[in-house]
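Have a look at the model first, then read on.

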Amino acid sequence: MSYLREKVAYLKGLAEGVRIDQSTNEGRLIKAIIDVLDDFAITIQSLEESQEELSRQVDSIDEELADLEDVLYGDDDEYSEEIICPHCGEAFEIGEDG
């Protein structure tokens, strides 16, 4: 049970413990508010579970894409960077070898 569901269950128990009279306007209002809070908690729990599943799927896709990149482009860990000379403006590439 999620944290929010536990808190709503606590509120339900508290409302029952203080014997809120549901025949009064105030009692019906409090019960309705607690019911809405319970609906929110259930919806949020469902969204959290869906988000976790999507996150796992994205991680899996990311790993598969990395594997595919290695196959297509090779495991090229060589470092190179394009530098522009501040004096002449010409671009040149610097690799690991210098």
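1. Glutamate 53 comes out as partly exposed, at 36% relative accessibility. Keep in mind that this is a predicted model. Glutamate 53 pairs up with arginine 56 in a salt bridge, with 2.8 Å between the closest N and O atoms. Both sit in helix α2, three residues apart, or about one turn of the helix.

2. Salt bridges with shared partners tie Arg5, Lys12 and Asp38 into one network. Within it, lysine 12 meets aspartate 38 at 3.3 Å between the closest N and O atoms. That pair joins distant parts of the chain, 26 residues apart: lysine 12 is in helix α1 (residues 3-17) and aspartate 38 in helix α2. Lysine 12 is partly exposed at 31%, while aspartate 38 is buried at 14%.

3. Aspartate 35 and lysine 31 form another salt bridge, closest N and O atoms 2.8 Å apart. These two lie four residues apart in helix α2, again about one turn. The whole structure has four salt bridges.

4. Look also at the surface patch of negative charge, where Asp59, Asp62, Glu63, Glu64, Asp67, Glu69 and Asp70 gather. Glutamate 64, which belongs to helix α2 (residues 25-73), is exposed with 52% relative accessible area.

5. The search of the whole structure finds zero disulfides. Cysteine 88 is exposed, at 55% relative accessibility.

Technical notes
Residues numbered from 1 in each chain as written. Predicted model: local features only at pLDDT ≥ 70, side-chain atom pairs only at ≥ 80, totals over all residues. Heavy atoms only, no water. Patch = residues over 30% accessible without salt bridge, like charges linked within 9 Å, V, L, I, M, F, W, Y side chains within 5 Å. Areas by Shrake-Rupley, 256 points an atom, 1.4 Å probe, with all protein chains shown as cover. Salt bridge = Lys/Arg side-chain N within 4 Å of Asp/Glu carboxyl O. Lys, Arg positive; Asp, Glu negative; His and termini not counted. Charge placed at Lys NZ, Arg CZ, Asp CG, Glu CD. Buried < 20%, exposed > 50% of the residue type's maximum accessible area, 1.4 Å probe, protein only. Disulfide = S-S within 2.5 Å.
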